[in-house]
Amino acid sequence: MTWSETQPLLAQACWDTLYMVGWSTLIAVAGGLPLGLLLVLTDKGELLQNVVANKVIGQIVNIARSMPFIILMVALMGFTRTVTGTTIGREAAIVPLAIGAVPFFARLVETAVREVDGGLVEAVQSMGGNTWTVVRKVLVPESLPSLISSTTTTVVALIGYSAMAGTVGAGGLGDIAIRYGYQRFETDLMWITVAILAVVISLIQFAGDWAARSLHRRGGRSGPAPKLRLLRTGEPAATDVGKVA
């Protein structure tokens, strides 16, 4: 194939990949963040301690994470058809991509939140803060640099999944690599798609690392007192919290 024929194919494939990964990431974050918080909050000794619920949620997450993505796509074909009306194309690929990414991101969220200093949680509770206040003012803000890194890791994983989804008609760069690079022996085109994927992943990783470092320098876990003052419980309480921290 000539470059004039290849260029529009690659441009459309890049857009399809970014479209699938973008929407899947949004859904994964929206579903995985509360799920990861629940894994922490329902654990033994935590604010919403419920051992049974914690075990059930943990097992569901473990089972979903252990399923190979190619099998997950096949298993969800009926559900995908119900949601999107088809099992091929980029819209259809978003369903298994998002469902596969939610438990993956939830475990990363759990790890990030568990690193938050327990003293900050106790300080907020001593000021009368409820569970929602602890989550909103301490757990999420203090773990934000790690959550950004977790999101970056999820995006990179989804790019790999989207390339795999291309083997079953999802479109994107994976579809170009299989249909043209492998089945039609266009080896050069296949390596071009590999190079594009490598560049995209490198840029996303760089941006994610930069954002995480910037947030950590601006506060992160090293600056708890300013965040706790947002509780607006009065100046004396804010001073006491500063002493506790």
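User: In which helix does Gly 31 lie?
Analyst: This is a predicted model, in which local features need pLDDT of at least 70 and side-chain atom pairs count only at pLDDT 80 or more, while totals for chains, interfaces and linings use all residues. Residues are numbered from 1 along each chain as its sequence is written, and side-chain values use heavy atoms, with hydrogens and water left out. Helices are DSSP runs of H or I with at least four residues (strands: E, at least two), numbered from the N terminus. By that assignment, Gly 31 lies in helix α1.

User: Is Gly 31 buried, partly exposed or exposed, and what is its relative accessible area?
Analyst: Buried means under 20% relative accessible area, exposed over 50%, and partly exposed in between, with a 1.4 Å probe and protein chains only. Gly 31 is therefore partly exposed, at 28%.

User: What distance separates the C-alpha atoms of Gly 31 and Pro 103?
Analyst: Along the chain, Gly 31 and Pro 103 are 72 residues apart. Their C-alpha atoms are separated by 8.4 Å.

User: Which residues does Thr 25 contact, leaving aside its neighbours within four places in sequence?
Analyst: Thr 25 also has its place in helix α1, and it counts as buried because its relative accessible area is 11%. Contact means heavy atoms within 4.5 Å. With neighbours within four places in sequence left aside, the partners of Thr 25 are Thr 151, Val 155 and Leu 158.

User: How are α9 and α10 oriented, roughly parallel or roughly antiparallel?
Analyst: Axes are lines fitted to C-alpha atoms, for helices over the stretch in contact, and angles run from 0 to 180 degrees between N-to-C directions. The axes of α9 and α10 come within 8 Å and cross at roughly 165°. Angles under 35 degrees count as roughly parallel, over 145 as roughly antiparallel, 65 to 115 as roughly perpendicular and the rest as oblique. So α9 and α10 are roughly antiparallel.

User: What is the handedness of the crossing of α4 and α5?
Analyst: Helix α4 (residues 77-84) packs on α5 at an angle of about 125°, with the axes 9 Å apart, which means α4 is oblique to α5. Phe 79, Thr 80, Val 83 and Thr 84 of α4 make the contact with Glu 91, Ala 92, Val 95, Pro 96 and Ile 99 of α5. A crossing is left-handed if the near helix is turned anticlockwise from the far one by less than a right angle, and right-handed if clockwise. The crossing of α4 and α5 is right-handed.
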